[in-house]
Amino acid sequence: MSKASALYSWFGGFGLTQYEESNVPSSPAYPYLTYTDATGDFDSGEVPIIVNLFYRTESNVAIDAKAEEIYTRIGRGGVIIPVENGSIWLKRGSPFCQALSEPSDANIRRRYINITAEFLTA
């Protein structure tokens, strides 16, 4: 599986529609997540991947639970995703999650999540 396909598949495992950040439709259905499709190779070091969760709700309960689910799935030591010619090692970034507001609509909740990726590939 390619790096891009592996990331798309992994982010799709959270039960939300996922979009690569540059490919979000003009009117997406809530809830959804976006992520940066950053890539690298063995000597690239840690590459930042930004995830944004978007919910349209009056409460923070569901969005905070989803951020916690991502935090837990990555785990303390990270998670390894197999790809062709190697793997991607996803780790929690710092700070892991920040709450952001949406000035255009008080019911849109957003969480900005930092993940780092090491591409253990040729």
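Helices and strands are here DSSP runs, of at least four residues (H or I) for a helix and at least two (E) for a strand, numbered from the N terminus. The model is a predicted one.

Begin in the loop that links β4 and β5, and select N85. The phi angle of N85 is near 65 degrees, a positive value although the residue is not glycine. Most residues other than glycine have a negative phi. Is N85 buried or exposed? Its relative accessibility is 63%, so N85 counts as exposed, the cut-off being over 50%.

Proceed to the cis peptide bonds. Select Y30 and P31: the bond from Y30 to P31 is cis, with omega near -10 degrees. P31 lies in the loop between β1 (17-20) and β2. Next select S94 and P95, where the peptide bond is also cis and omega is near -10 degrees. P95, however, is placed in strand β5. Most peptide bonds are trans.

The largest nonpolar core comprises 28 residues, and F11, I49, L90 and I115 have the most contacts inside it. At least two residues of this core come from each of α1 (3-11), β2 (32-35), β3 (46-56), α2 (61-74), β4 (79-83), β5 (86-101) and β6 (108-121). Which element gives the most to this core? That element is β3, with five residues.

Finish by selecting L90 and displaying its surroundings. Leaving aside residues up to four places away in sequence, L90 touches L7, W10, I49, I74, G78, V79, I81, I115, T116 and A117.

Methods
Residues are numbered from 1 along each chain as its sequence is written. This is a predicted model: local features need pLDDT of at least 70, side-chain atom pairs count only at pLDDT 80 or more; totals for chains, interfaces and linings use all residues. Side-chain values use heavy atoms; hydrogens and water are left out. A nonpolar core is a set of buried Ala, Val, Leu, Ile, Met, Phe, Trp, Tyr and Cys residues joined through side-chain atoms within 4.5 Å. Buried means under 20% relative accessible area, exposed over 50%, partly exposed in between (1.4 Å probe, protein chains only). Contact means heavy atoms within 4.5 Å.
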